[in-house]
Amino acid sequence: MSVLPYAVAAWLFGVGLYGIATSRNFIHLVGCLGVCQSATYVLLLGLGYRWGSIAPIFYDHPPGTPAVDPVMQALVLTDIVVGATLTALLLVLTVQAHKRGGSLDPEKLRPMRAGRKSGRSQDTSRGDEAARGAR
Amino acid sequence: MTAFPALLLPLPVAIPLVVCAVILTTAHLLPGRLPDILAIGAAVSVAVLCAVIARYAAQGPIVYWFGGWEPHDGVYLGIGFSVDEASGWIAAFIGMLYALTFVFAWGFFDRTHGHFHILMLLFLAAMVGFSFTRDMFNLFVWFEVMSVAAFALTAYHLAESSLAGAINFTVVNSLAGFLMLGGIGLIYAQAGTLDFEGIAAAVARGGRDPVVAGAFCLVAAALMIKGAIVPFQFWLADAHAVAPSPVSVIFSGSMVSLGLFGLAKVSAVVFAGSAQVQQALPILLIGLGSFTALLGGWMALLQRHLKRMLAFSTISHAGIMLAGIGALTAGGTGGMLVYVVGHGLVKGALFMIAGILLATQASIDEIALRGLGRGIWPAGIAMALAGLLLSGLPLGALDQGTRLVQGALSQQGHGIALAATAVGAALTGAAVLRAAGRIFLGLGPDPGDEAGAPSEDEREKANRPLWLMLAPCCALLALDVAIPPELIAHALPRAAAAFMHQPAAGALVEGPAWLPWASVAAGLAGAGYGLFRNRLPKIVVQPVSATQSAPTRALEFLHSGLIGDYAAWLAVGVAGIAAVLAMV
């Protein structure tokens, strides 16, 4: 394996992390997290790749034909599932946070900070209200 | 053919998952409290099964290969569970903690349709799987299942601050997942297998290899993020403070320490053959652990939001556990394993007390609660006892773990780390004792205008009887005190050696006997200083406030609650680990 996939993966992770560190909008931040995750896709696929081999499907190839590593592809598939779950969950949280705080800016949605307006009026949520929201 | 005890291994993971699916499909049909009963039953059966497995595993690790895919000629194709005695007992402890938490949460949520129980059971299955597995990728899967359940549980109230806390928690821990997956990819590329033993053999053959070091760097960073080690600790205080109290019990009691448990297992089993990693481990773990113990303790002392205070106390104790692992001896790792159980019991009880205050007094702010706890004085006794145990009172499992960790550190001459474990424990104990004195005895100055809390108006469901909430809390504390120390001292050398895949060691060394008393005394003194500062002569108070105000403000500034800052610190931390690995 050449050094290129490593470099691309490191670059993607760094860029994504930079995006998260400087983001002022939660939707943008979720996108940056996706960029970080694509670093893992590139790394795993690059590690499993073999030059001049087929995809690991032997339907129309004789067994024994050189193929790329199927374990890595399984890892990437699982990774994609994880990514979809995380993105969906984060977007749900973002939508709910926007409903309650009226903002998508991390600066305005800090947990446990003084000086936020509308803290008291909005948050009377108890078990019963949580149940309503969870449905 | 798989023999009898091995057949039990999948059950503690399968039972909660099946019960979880049953509750999910029949939630709308089930009458009132049936999900509670089902969940308690599932957790108890997990605890009992894991204890049985642990008893059998005393003779040697039990291995189960899913689908009968056993390894042949050193080629590992299947995925296996492998349980040594220590992992089995840790899983049994987790099951028991869940059972008591379900009792504590009885009636906590009206009309939940079982969602709370479903997420909690998923969380439980993931934790047991995480401690049983012997496959790197399987470890990652349980890590992620654990994370996703935890994210959803943190945001369960859907209030503004719990959402913000959950988002910070989700982003940081997702990054941890990505790092871990990257590390697993690297180690697979080098070893060609994902099985712990297979990787260990390949690593031992390979010699010094930057890919192995890189893989370790990424996996260790991921597990330290879960374990809330400085500089990855920021998410914990946000998440634990805003999660519903029963969830905080599980977070602090088992999730954080399980991250460190995973780190201990991976560094002792998988990377045992890499001299580079083994040389870097003491510097990394003892250095970061000592620093974390001090910083967490100090931050705990600064908090007035009770759950946030307990969250920082958890960070401090995670640091002590990490220092124990860093000793790289059976004493250090064995002490850390006992510490996980003892700390989980005590910290779980403390979060339950915080939940009781939220439910009965409708506040979580130490200053606003001054004197309001008199009506529920039994909770005050429990809180004072828990505070003393946290600061190092020589009694019970937490103390035994502390003394073993301190023994391992002093044996190797890590004087500073030894002091850090004692000071960290004293600081968190001081914070808890100060709060207990203020809330239940009404000590300290009258707050006046200060009573308005900076945090939100919080409240948890109030119509549960006090005894129902107090009973599981007292059961946790009683367990911590009642576990017979001789039993642990007898079984631990063997269990720790099996956990680390090393030949059995002799009796384990304990630290100096005066040290726990010193840290209890320091804890009481710190609590007294916090409560009676205004009555002390100026000559005592002035130097303290003059020296501590600048670093305190700097620390408060660092814990900004901004996810961007957390991501930046995460990058710094990973770079730091990589630098240490590169230098040895």
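**A walk through chains A and B**

According to the UniProt annotation "domain: NADH:quinone oxidoreductase/Mrp antiporter transmembrane", from an unreviewed entry, residues 135-419 of chain B carry this label. UniProt positions follow the numbering used here, feature names are shortened, and annotations may be inferred rather than shown by experiment. This is a predicted model, in which local features need pLDDT of at least 70, side-chain atom pairs count only at pLDDT 80 or more, and totals for chains, interfaces and linings use all residues. Residues are numbered from 1 along each chain as its sequence is written, while chains are lettered from A and ligands numbered from 1 in the order in which they are written.

Let us stay with that annotated stretch for a moment. Residues 135-419 of chain B are 81% helix and 0% strand, with 37 Å between the end C-alpha atoms. Helices (H or I, at least four residues) and strands (E, at least two) are DSSP runs, numbered from the N terminus.

Next, the domains. Chain B splits into domain 1 (1-132) and domain 2 (133-583), with bounds that come from an automatic or database domain assignment. Taken over C-alpha atoms, the centres of the two domains of chain B are 24 Å apart. Where they meet, 33 residues of domain 1 of chain B are in contact with 43 residues of domain 2 of chain B; a contact here is a pair of residues whose C-beta atoms, placed from the backbone, lie within 7 Å. On the domain 1 side, the elements giving two or more residues are strand E2 (80-83), helix H4 (85-104) and helix H5 (115-132) of chain B. H4(B) gives the most, with 12 residues. By class, this side has 24 nonpolar, 7 polar and 2 charged residues. In that count, Ala, Val, Leu, Ile, Met, Phe, Trp, Tyr, Cys and Pro are nonpolar, Asp, Glu, Lys and Arg are charged, and the others, Gly among them, are polar.

B:Met96 counts as buried because it has 23 C-beta neighbours inside 10 Å; the cut-offs are 20 or more other C-beta atoms within 10 Å for buried, 12 or fewer for exposed, and in between for partly exposed, with C-beta atoms placed from the backbone. B:Ala43 is 53 residues away from B:Met96 in sequence, yet their C-alpha atoms are 6.7 Å apart.

Setting aside residues up to four places away in sequence, B:Ala349 touches B:Ala382, B:Ala386, B:Cys473, B:Leu476 and B:Leu477.

For another setting, look at B:Glu70, in the loop between strand E1 (62-65) and E2 of chain B. B:Glu70 is partly exposed because 13 other C-beta atoms lie within 10 Å. Beyond its neighbours within four places in sequence, B:Glu70 is in contact with B:Trp65 and B:Gly78.

Finally, chain A has 5 helices and 0 strands. Of its 135 residues, 32% count as buried. Chain A averages a pLDDT of 81, and 81% of the residues score at least 70; pLDDT is the predictor's confidence in each residue, from 0 to 100. Over residues 114-135 of chain A, pLDDT stays under 50.

Note on methods: Contact = placed C-beta atoms within 7 Å.
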